[in-house]
Structure formats: structure tokens, C-alpha cells
Amino acid sequence: VQVQRSVFEYLVKNGSDTAFGHQHHFSDIKGYEEFRKNVPVRDYNSLSPFIERARSGEKYVLWNQEVPWYAKSSGTSADKSKFIPITPENLKNCHYKGFQTLMASYINTHRESKLFYGKSLTLGGSVKPENAGGISYYTGDLSAVLLQNSPKVVEWVRVPSKKTALLHDFNEKNLKICQECSGANVTNFAGVPSWNLLMIEKLLEYNHVEHLTEIWPNVELFMHGGISFDPYREQFKKLIPSPQMNYLENYNASEGYFAFQDDLSDPGMLLTLGNGVFYEFIPMDSLQSVLDVESDNILPLEGVKSGVQYAVVISTNSGLWRYLIGDCVQFTSVHPYKVIIT
């Protein structure tokens, strides 16, 4: 809870010198109650006018940094794409920091791991450059934004080549992966289960084998997210018949890195509380409309209980302020704070 209070203070301080901060009187906010009073909860449609101002070339609309990247994801309410801003601060101290914490946790609980003795394979999407008001930026899948900006040291331990990983055509990408990665010592891979299953099937066909362990004998970890893994679990186990293989869920959305499994025997994911994300939660039974939800029904972290389903509201270091992301979670534990996506 204290970590979340520190994140809250950091967010309000950095948001004060922005167009959004001026409009919502951030300089007068001394605590959480004033924040609740000054800033209404918004869905994407309500926040998009601010995002479009930034995409049109206006600086410092939502955060006190320029926005070089926008993660493009499908809309949920208006049948059009959402453009989620990603600032340098958000990229480094939310997305990358969350993944680093996941890796450190895994190694800490699997001391015998040989994860870093081999390569990591990541299936990325694609990005495209855009320009507005004299400002250049990129839009595309979150995975592609993360890949495009990954530190050079990461490229030493990652496959396929960045050029292949960012190809737009998935069939071409899959073939290139087969050509580049069939002989690599891949120990771990990550991404959405459905796309990775297609990749595995293509690899098996290309190499004329039945099991992935015949291509990558040292593979030990698949880090999945985006959709439920349950419908795919048995297929993966059939294609990777290895006692050393582990499956780890992480909650990494375009809006931020939120949680990961720190115990593979527990489906609950540990909430990342120091990642530049301030969390609030609305009990689902009181969520009538984002526009008329009573302020008293919106809870900070210390107000949540286990076993209750909540809509997630976030404020982040990309300039998303009290943003209803459209996900529903349930806490399996509050000591520590662990969630499952429901």
C-alpha cells in the first residue's frame, strides 16, 4: 500500500505540467480524495480526445514527455482501433521493468534453471511510422514496440533477428523463424498461446519431427498472456513432452505490465505495485456505467477483498488517468496481492 501511495504521488507530480493536469487542477491535489474528486473515471472513448490531440502533434497533453510510440489494439466499444500512448518512462519503468521482475522471480524460484544458457524467442507484431504536426511516432502491436526498442544486449540472447520478428506477414515470419531458429538453442519463448501454437506446428512440419524437444531439447519455459491458456495447455504438453517444461502466465497489456505468476503451482498472479501504475478497483456488482459510477464504490488497493470481481481502473506513467481498461479481475490473495483475470 505504501508503494502504491508513492506511485500515486509520482504520477500526480509528473502529470501536473500537462494539458490534462491543468484542466483537472493537479496542482491542487494533495491526496487521493482530491484526485477522485477532480478526475472522473474514463473509458477509451472518453479519453481519446486527449490522445488524438497528442497524435495530432500537440506536446505534453497527458504526460510530461513526448510520445514516440502508440500501441494499437482493437477497440471494444466503437469497432475501431485504440491507440494507447507509450512514453519512454512507461516503456522503461513499466513494461521492461515488469518483465525484468518476472525473470528475476523465475530464476529465484528455479535455481537450477539454464534459461540464460540459450536463446529467447519472441513473436512480435509490426509497427509503422507516422507523422503529425511535425512530430514523428510509431504505431503498432505492443510486442513490436517492445522488440523495436529492446536494448542491444538483449539482441545477443534473442531470436529470430529483429527484421524477421517485425515482419508484417505472419506466414512469411513463420517460415523465416523455421529457417533461422531450427538450429538455435532456444530455452524459452513468449507470446499469445494461439500464435505460438501455429509457430510450433510450422516448426515441427519444417523439421519433420513430432515434438518441439527434438528441435529445442533445452526448452524450459513458455511465458504466455493475452488470452486464456487453458484451451491450449494440453496441446502444448503433447507437443512438448518434457518434465522440465514450465508455463508461466503474465498480465502484460498495451496499457502496462500488471502482474505475473511468481509460483507456478498457484494460478494467482502477483500484482506489480511499483511499476508506475496506480490501481483502483470497482466491484462489478456496482458498475452500471463508467459515466455514472459512484465515487464511493471505487476502491484503492487497500480496499479490495479476496473473492470479489472488480473492474480495473489505472493511472499510469504513459498518461492514462483513471482509465477503465475493460478487464475484470478477482483477488485470490491480499497478502500478497494476487489476481486472476476473470
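The legends below describe close-up views of a predicted model.

Local features are given where pLDDT is at least 70 and side-chain atom pairs count at pLDDT 80 or more, while totals for chains, interfaces and linings use all residues. Residues are numbered from 1 along each chain as its sequence is written, and side-chain values use heavy atoms, with hydrogens and water left out.

**View 1. The twelve-stranded sheet.** Twelve strands make an open sheet of mixed pairing, ordered β6-β3-β7-β8-β9-β10-β11-β16-β15-β14-β12-β13. Strands (E, at least two residues) and helices (H or I, at least four residues) are DSSP runs numbered from the N terminus, and two strands pair if DSSP finds at least two bridges between them. The edges are β6 (158-159) and β13 (299-300); each has a single partner strand, so one side of each is without a neighbour in the sheet.

View 2. Helix α5 (residues 88-109) lies across β8 (221-224), β9 (246-253), β10 (256-260) and β12 (277-283), and runs at about 20 degrees to β10. Helix α10 (residues 193-207) lies across β3 (119-122), β7 (186-191) and β8, at about 140 degrees to β7. Contact means heavy atoms within 4.5 Å. Axes are lines fitted to C-alpha atoms, for helices over the stretch in contact, and angles between N-to-C directions run from 0 to 180 degrees.

View 3. β9 and β10 form a hairpin with two residues between the strands, and they pair antiparallel over four bridges. Within this pairing, Ala253 has Gly256 in β10 as its bridge partner. β10 is also joined to β11 (residues 269-271) by two bridges, again in the antiparallel sense. There, the bridge partner of Ala259 is Leu271 in β11.

View 4. Strands β14 (residues 309-316) and β15 (residues 323-334) run antiparallel and are joined by five bridges. Ile314 stands opposite Tyr323 in β15, and Val313 has Leu324 in β15 as its bridge partner. The hairpin of β14 and β15 has six residues between the strands, and Gly319 takes a positive phi near 95 degrees in this hairpin. β15 is joined to β16 (residues 337-341) by five bridges, with the two strands antiparallel. A two-residue hairpin connects β15 to β16, and the bridge partner of Val334 in β16 is Tyr337.

**View 5. The four-stranded sheet.** Four strands form an open sheet in the order β2-β1-β5-β4, with mixed pairing. β2 (82-86) and β4 (127-132) are at the edges, each with a single partner strand, so one side of each has no neighbour in the sheet. From one strand to the next, the twist averages 30 degrees. β4 and β5 pair antiparallel over six bridges, and Asn131 stands opposite Ser136 in β5. Helix α4 packs on the sheet and touches β1 (69-73), β2, β4 and β5, its direction making about 60 degrees with that of β2. Helix α5 also packs on this sheet, touching β1 and β2, at about 80 degrees to the direction of β2.

**View 6. The largest cavity.** Of the 16 residues lining the largest cavity, Ala54, Glu58, Glu66, Val67 and Tyr70 are the closest to its centre. The elements giving two or more residues to this lining are α4 (44-55) and β5 (135-140). The lining has eleven nonpolar, two polar and three charged residues. Ala, Val, Leu, Ile, Met, Phe, Trp, Tyr, Cys and Pro count as nonpolar, Asp, Glu, Lys and Arg as charged, and the others, Gly among them, as polar. On a 1 Å grid over the protein atoms alone, a cavity is a set of points where a 1.4 Å probe fits but cannot get out, and lining residues have an atom within 4 Å of a point. Grid points are joined across faces, edges and corners, and a volume is the space filled by probe spheres set on the points.

**View 7. The second largest pocket.** A pocket is an open set of points with protein on both sides within 12 Å along at least five of seven lines. The second largest pocket has a volume of about 180 Å³. Ten residues line this pocket, and Lys72, Ser126, Thr139, Gly140 and Asp141 lie nearest its centre. β1, β4 and β5 are the elements that give two or more residues to the lining. By class, the lining of this pocket divides into one nonpolar, six polar and three charged residues.
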